[in-house]
Amino acid sequence: MTELPGETTRKLGLVIDLDTCVGCHACVISCKGWNTENYGAPLSDQDAYGAEPTGTFLNRVHSYEVQPDGGPAQLIHFPKSCLHCEDAPCVTVCPTGASYKRVEDGIVLVNETDCIGCGLCAWACPYGAREMDGAEKVMKKCTLCVDRIYNENLPEEDREPACVRTCPAGARHFGDFADPDSNVSRLTRERGGIELMPEQGTRPVNRYLPPRAKDRMAETQTQQLDPVATDLPGFLGWLDRALDRL
């Protein structure tokens, strides 16, 4: 079994703003595109245009309707990917050491050449963040675009995960949680960022910013205006009298 590092130098991860996410799936598409062409085996699709298509995705967006204590129901879009947990059970359960957590930045990765496709890591992950690729029969998961964030051939503004770079609403943020002055640390403090399912004891690095309370217009009484004309000629007059009789 693979051992977890006692401590990591950095804790790279994501902050996802549930108040800002519009559920457009741009992050899903950009993630699929980048990871199909770059890190590891391509993300395959099976029967993509058939009656029962399936495929491998490292990031998915789920939508839920919630009912607040007061006010109308709200639609919440909830993106989900690997949370790069500090106590990652997917790593410790791996029988070949294919799953591991990096000491230098805390990113959880899979060495696909050592993966035997047993699926134990998927069973151990309480978040359902791992997927077996139907073509390659190896486990796939979010890599935080490790091949982008350290790539000096890319412009500096592109050295962040594809999902963060693509999000049109600015709902996704990338940074180092070990740095209290980083953008993700400040957002977590200021907006009350929360862990996903803390009762599982996995200590996920990623944080979610809860939706803000929606503004509600004060209740107002409408005043009906007096008609400008009371006796309309011609067709309009006939129509007005006919409607009054209804």
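Ground rules. I'm working from a predicted model, where local features need pLDDT of at least 70, side-chain atom pairs count only at pLDDT 80 or more, and totals for chains, interfaces and linings use all residues. Residues are numbered from 1 along each chain as its sequence is written, and side-chain values use heavy atoms, leaving out hydrogens and water.

Cysteines. I checked for disulfides (a pair of cysteine sulfur atoms within 2.5 Å) and got 0. For Cys-90, the closest cysteine sulfur belongs to Cys-82 at 6.1 Å, too far for a bond.

Overall build. I found 7 helices and 11 strands (DSSP runs: H or I of at least four residues for helices, E of at least two for strands). The radius of gyration is 25 Å, well over the 18 Å from the globule rule for 246 residues, so the protein is more spread out than a compact globule (C-alpha atoms; the rule is 2.2 Å times the number of residues to the power 0.38). The C-alpha box along the principal axes is roughly 90 × 45 × 40 Å.

Among contacts (heavy atoms within 4.5 Å) with a separation of 6 or more, 59% join residues 24 or more positions apart.
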